[in-house]
Each structure stands twice: as structure tokens, then as C-alpha cells.
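These are my notebook entries on one model.

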Amino acid sequence: MFKGQPKGLYALALANTGERFGYYTMLAIFMLFLQAKFGFGGATASTIYAIFLALVYFMPVFGGMLADKIGYGKCVVTGIVIMFAGYVFLSVPTAANAFGIALMIGALVLISVGTGLFKGNLQVMVGNLYDDPKYSAKRDSAFSLFYMAINIGAMFAPSAATAITNRFLSKAGLIYKADVPALAHQFLGGTITPENTEKLQGFMGQMPALPADVSDLGSFSQYYIDHLSSSYNMGFAVACVSLIVSMAIYFGFRKWFKHADVNAKQAKATGDTNYVELTPKQEKDRITALILVFAVVIFFWMAFHQNGQSLTWFARDYTQSFATGWSRIGFNIWALALIAVSVYTLFSTFQSETFKGKFLSGFATLALWGGAFAIFKSLPTPLSIQPQLFQQFNPFFVVALTPVSMAIFSALASKKDAKHPNGKEPSAPRKIALGMLVAAAGYLIMILASQGQPSPASIQGTVSPDPVVPQWLMGTYLTLTFAELLLSPMGISFVSKVAPPKVKGLMMGLWFAATAVGNYLSSIPGLLWEKVPLWANWALLMGLCLIAAAIMFAMLKKIEAATES
């Protein structure tokens, strides 16, 4: 799995891990922040969220174009600095007025521009490591490992955001209640019903240590909103620290990947033996194939990036705020971390070439399982959970399942016969098509989970009278992760391999631009959230995934032929 990979992969992957930890910590609470601080409705918050995600993933187009001219490393470093400034602005507590909104928007723009310079160009440098024939056969496995490293940062992010939120609420004598922000804004806006007034009064009575001057619903509503918002600000500040760590890793180990920091212009000028000049027809065929893939994956990202909005709303409004039984272990990040590491030690037990290696790996696996079980037994029943914690399941599953997917594809690649001289491993475009089918299955689970639930319009941002168990969302995230592993790391690897050298940065940027369009379209379920039955949103996403899969399968031969030229 790790054997034979260049050292530069690990340096670049860890630099990206730090940056992604900060980004996903921010993203885990951003939608909740918008609604808690500013009182935005679902449609407005969803639109802001979708535009931000679209910018984050569209700006790599310009970052790639610039890097093709001036170099990838320069853009990466500039991007880190700009992102840092954006997160600093986002972590500043302000009033919920025009200035507060303007500062937030300015911060989002800086984060988007910085990410555009950083994200795609770092991944091009990873791909450049594998232009060397010595490593070329390991390109797909390398991007699977790189993608796993990204998700290590993402896995810890929701728990970090939750811990910070709880810590600062506790200092203010408060505890988190999902209903309170919506009810508080209704009270302050004069739109609250008598029934909801009674509910808000009940929540006020549950707070452990309110100050003496917070004695009525009006003062409590403002006090809760202010302190919950500022606790989210502190969560955003985590990204500043993680970017400092990323920068230290990048500069500390730069000698490991410095040779990969070269664009086509620089490679041609220095006579790099790995540089290959393509004919105009080859360039055209490859670009056409890439654009066809970009067009299809738009629908996947539209469906996948519901984790920060409609799936979080489902977690908040339609899912129990507690876990019982075996599901409790999923909401403790340290238990999940031990389980994830144990997958790698378990594989090492079978893959080690010496008895000593097998013994130590086996012992470590048992110790990790024992630690996870001890944590599980210490958890209270029921275990109180917050909606953003569900977002840690996707990165956990990515980290834990990456070696499994790599082993499966490696086994298929080794099955060679007269009909399959290169093995039976599916091509990257075929994996993408299969990923779309699996994503559709994820939203079938959500349709089943939503049966009998009231519409979002009828509950007005409060909790359903009969919320579902957490296992429904856990199953959905597991299924969507299977889809992601088939599509995202394979897609990035495909772009790095097929893109003509002269426009590598641009092509990687266009991959993210397709993600950007999907992210923007992800607002559609948010816009429909309070206008259609709950199940209808999931049916829309499921149908789009099925259509995209059908289109991809229909174009497979054309894409595969073009990329072989």
C-alpha cells in the first residue's frame, strides 16, 4: 500500500491534511452559523453556502491558468497566505448587522481565492511525481492515499467544531439545543406561536447557569444567539492554526517534492526527460474526453455536497439528538480514529513479509480494538449528539475503506488473461459511472428514512415529533462514501494522467470547476426544502445520479479510446 511511493507524496499529503482540517472544521458549522447568527431562512442560507462552495471549487480554474505560467509552488504559497487572512476575518465576532455580513462575505471571497491557488496546484504537483516511469504504475494508488490523508483532517473537524462550541457555550452558562436558534429568532422577530413560546421557555429553564440579568425570553434569546455565534467564530479560528501547520510541513519537507514543482514551460526549457510533447490531435482528444467526464460528475457533486446543508438539516430536525447501543461509538472521534488505524495495522498483518512484522501488526490491531472497546464502554447511554457530528462519518469511512478499495482494485488488476492483458481493474471512467449508481442508492436510503415524516414547512426549523434513529444517516454516509471512493480520487488521478502537459493546471482547475457547478446546484434541495415533501428532495437527487450514470456508461467507449491516444 505504502511501499514504493515517493517521499514527496507524504509531504504534500500532510500539507493538504492540515489545510483540509481547518476548512472542514469551518464547513461543519458554517450553515448552522448562518442561521444562528443572522437568522437566515433555509433558502437564503443554502444559497450563500452553495455560492461559497461554488467559488471554492471554481477558483482553481484561474489558479491553474496562473500556475501554468508562473509555476505551481508560487501559487500554492500565495494561496495559503490569502486563505489565512480569510479565516482570520471569519473568526472575528461582530454584530449581526450589515458590517457583520460584509466582513463574512469578504472572508469567504479570500478563502475562495486562496483555495483556488492552493488546492488544484498542490494536486498537480502530486501527479508530477508520477510522471517518472519509476512510479507511473502507482498513480491511482497514490491519489487514493492522498485522498485518504485529506479525509484524516476532515474526520476530526466536526468533533473539533463541536468541542469548541460546547466549551464556549459552557463558559456562558449555556448548553447546545438545536431548537433554540430558530425559536429565539422567531421570538425576537415577533413571529413566534404560543406553542413555540412555551417550548422556548422550557429550553431557557434547562440552561445550567444563566446570568442574573438574563431573566426573560427576550434577553435569553439575544444572549443565546450572541454566544452561540461567537462560539462558532472560535471554531473558524481553528483553521488559522491548521494553516500554520500546513505551511510548516510544506516548507520543512520541500526538498522531497521540489523536482515536481515544474510546469510544461519549465520542463521543456530544462530538457526534462519526463516531458512528452503531444500532437494537436492527441491534445484535442484528451481535452474532449476530460470535458465529457467533467460534465457528468457535476451531478455527483450536487448530490454529494448535501452533507453541509440538507443532510445536516435532516440531522438537526428529523434525527434523534441522542445515540444508544452500538451507534454511540460512531460519535466519539477517538474511538473512530482507533478503528481507522486498526484497518491499516490489520492489512499490515497480512501483508508484512516477516514474522516479526506480522506479529507486531497483529498485536497493534488487537490493542487498537481493545482501546476502541474501552472507549465505547465508557460512553453514557443515551449519548447526547449534535447535528454536525454526522459529518465525521464520511471522512472516517474514506480513511477506513481506502485500503479495502485499494486491495480490491489491486486484486482485479492482477487477474490477467488473454481477454484482459492489463488485468480486470475497471478504468477510471468506468469507476466514475459505477460511483454514480452507488450515490443513487445512498439517496434511496434517505427516501426510506423520510417515510411518514412531516414536511420541513410544517415544523419550521424545529425538531420532528417522531425523529428517526441515527443509523439511517450513518448508512447514507457509508453508501455515499463508497460512491466517493469510486469517483473522486480516481477522477483526480485520471486528470493528472490524461491532461496535456501544457494545460495541466487548467485541466485540474476545470475538474474543480465541475465540482463548483455541482456545489452551486446543491442549493436546489435547500431552495425546495420548505416547499416540497421531505422525500421529494431525496428522489430528485437519486434521479439525477441515475441519469448521470446512464450518460457516463453510454460515453465510456469514446472516453476510453480518446485517453489511449
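The entries below cover conventions, cavities, a pocket, the core and the loop residue, in that order.

**Conventions.** I worked on a predicted model, where local features need pLDDT of at least 70 and side-chain atom pairs count only at pLDDT 80 or more, while totals for chains, interfaces and linings use all residues. Residues are numbered from 1 along each chain as its sequence is written, and side-chain values use heavy atoms, without hydrogens and water.

**Cavities.** I took a cavity as a set of points, on a 1 Å grid over the protein atoms alone, where a 1.4 Å probe fits but cannot get out; a pocket is an open set with protein on both sides within 12 Å along at least five of seven lines, and lining residues have an atom within 4 Å of a point. Grid points are joined across faces, edges and corners, and a volume is the space filled by probe spheres set on them. I found three cavities of 30 Å³ or more.

The largest cavity holds about 290 Å³. Of its 24 lining residues, Y24, Y57, Y147, H305 and E484 lie nearest the centre. I noted that α5 gives the most to this lining, six residues; helices here are DSSP runs (H or I, at least four residues) and strands are E runs of at least two, numbered from the N terminus.

The second largest cavity has a volume of about 70 Å³. Its lining includes F33, K37 and N233.

**Pocket.** For the second largest pocket I recorded a volume of about 730 Å³. It is lined by 33 residues, with N166, Y176, S384, I385 and Q386 nearest its centre. Helix α5 supplies the largest share of this lining, eight residues.

**Core.** I defined a nonpolar core as buried Ala, Val, Leu, Ile, Met, Phe, Trp, Tyr and Cys residues joined through side-chain atoms within 4.5 Å. The largest one has 163 residues, and W511 and W538 have the most contacts inside it. Helix α1 (residues 7-38) gives this core its largest share, 17 residues.

**Loop residue.** I located Q306 in the loop between α10 (280-304) and α11 (310-317). Is Q306 buried or exposed? Q306 counts as buried because its relative accessibility is 0%, the limits being under 20% for buried and over 50% for exposed, with partly exposed in between (1.4 Å probe, protein chains only). A polar atom of the Q306 side chain lies 3.0 Å from the backbone oxygen of M302.

Notes. A polar contact is a pair of N or O atoms within 3.5 Å; within protein, one must be able to donate a hydrogen and the other to accept it, and residues adjacent in sequence count only if both atoms are side-chain atoms.
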